[in-house]
Amino acid sequence: MFLYLTFPSWIHPQIFPGVKFLELLRWYGLMYVFAFGTAYFILKKVANEGMMDTDTYKITEDDLFSFLGTGIIFLLLGARIGSTLIYDTTGLYWHKPWLIFWPFDSKMHFTGFAGMSYHGGFVGGLLGMLFWCWRHKQPASKWIDAMVCAIPLGYTFGRIGNFMNGELFGRITTAPWGIVFPYAEKFSSSLPWVQDFAAKIGMDISTLRLVNLPRHPSQLYESFFEGIVLWTIIWLCRKHRKFDGMLACIYTGGYGLFRFFIEYFREPDSDLGFRIGDKSANIYENTSLTNFSTGQILCAIMIVGSILAAVLLYLKDKKKKKEKA
């Protein structure tokens, strides 16, 4: 009896595999379309509920397009910059920063922009929304609260896209829902720990030189908890805000908390490993809760930042109400 699953052979990164002139159409890109479309639909709904209206201004359809478009542009810029400057260890992009937005390899083959950082996108998107609100003289905390009602559900599609690409998979696992991803790193069958692991899951490696072991489908964990669950929490809280900016703080802290724990199941970048803890530890297995990845450090900053922001926004709102009284 096999105690693991095999990645479905019919799933390919390309939407139309084998069709040369359509090879650039990928599921991941399509998921971005779904994500942004979903975000706009929900943003429009909360706008109709009056979340962003003030005593002197009622928003328009053009405002929604402009706000969302600005946020998306800044998000993509931040995600790309964060990916190249934080997660690349070669130093290439620090010495040649123009390559960050150069979508061709050395032979001028189109490669696109492989590599996007969530945390870079978070900072970029936040700056974009703040910039738009400043330029249009709108209350940033109200608008960002409205936007975070939409972000998690859109984010769900992004992680599904990662799953369909067979990327950002988790660490190896003996769980029965562990999946053998086709592009995951393979291990030598001569290693004792690999042999022991294969025996636990009923995998016959006697004829194999290299072994592809099952991994946690961490993309789906993230899609569910950082997407659907977090969105549900925010959606249920949207009409019970104690102060403007509360939903933004819930999103920031909630995402940071969910992602922090999911990182224990997600494999760190091999060239980065653990930033805190035993840096020589095996990154393919979860051997200690005190080994922290880059993602966990950034998530911890999000959690602390959300708590501080919530306190400051609450005190600011309380002061404003007292002055009006």
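1. In this predicted model, the second largest pocket has a lining of 15 residues, and those lying nearest its centre are S141, K142, D244, D317 and K320. The space within this second largest pocket comes to about 450 Å³.

2. As to where the lining comes from, helix α5 (140-148) and helix α10 (294-324) each contribute at least two residues to the second largest pocket. The most is given by α10, which supplies 6 residues of that lining. Sorted by class, the lining of the second largest pocket consists of 9 charged, 4 nonpolar and 2 polar residues.

3. Helix α5, one of the elements that supply the pocket lining, also holds V148. With a relative accessibility of 4%, V148 counts as buried, since the cut-off for that class is under 20% relative accessible area. Once its neighbours within four places in sequence are left aside, V148 is in contact with I234, L247, A248 and Y251. The C-alpha atoms of V148 and G245 are 9.9 Å apart in space, although 97 residues separate the two in sequence.

4. A separate point concerns the packing of two helices. How do the axes of α6 and α8 cross? Helix α6 (residues 151-165) and helix α8 (residues 218-237) have axes that come within 8 Å of each other and cross at roughly 170°. The two helices are therefore roughly antiparallel to each other, given that angles over 145 degrees are placed in that class.

5. On the α6 side, the contact with α8 is made by P152, L153, Y155, T156, R159, I160, N162 and F163. On the α8 side, the residues taking part are Q219, L220, E222, S223, E226, G227, I228, L230, W231 and I234. Taken by class, the residues of this contact divide into 10 nonpolar, 5 polar and 3 charged.

6. Is Y155 buried or exposed? Its relative accessible area is 13%, and Y155 is therefore buried. Y155 and W231 lie 76 residues apart in sequence, with a C-alpha to C-alpha distance of 9.6 Å in space.

Key:
Residues numbered from 1 in each chain as written. Predicted model: local features only at pLDDT ≥ 70, side-chain atom pairs only at ≥ 80, totals over all residues. Heavy atoms only, no water. Axes fitted to C-alpha atoms, helices over the stretch in contact; angles between N-to-C directions. Helix = DSSP H or I, 4+ residues; strand = E, 2+ residues; numbered from the N terminus. Parallel < 35°, antiparallel > 145°, perpendicular 65-115°, else oblique. Contact = heavy atoms within 4.5 Å. Nonpolar A, V, L, I, M, F, W, Y, C, P; charged D, E, K, R; others polar. 1 Å grid on protein atoms, 1.4 Å probe; cavity = no way out; pocket = protein on both sides within 12 Å on 5 of 7 lines; lining within 4 Å. Points joined across faces, edges and corners; volume = space filled by probe spheres on them. Buried < 20%, exposed > 50% of the residue type's maximum accessible area, 1.4 Å probe, protein only.
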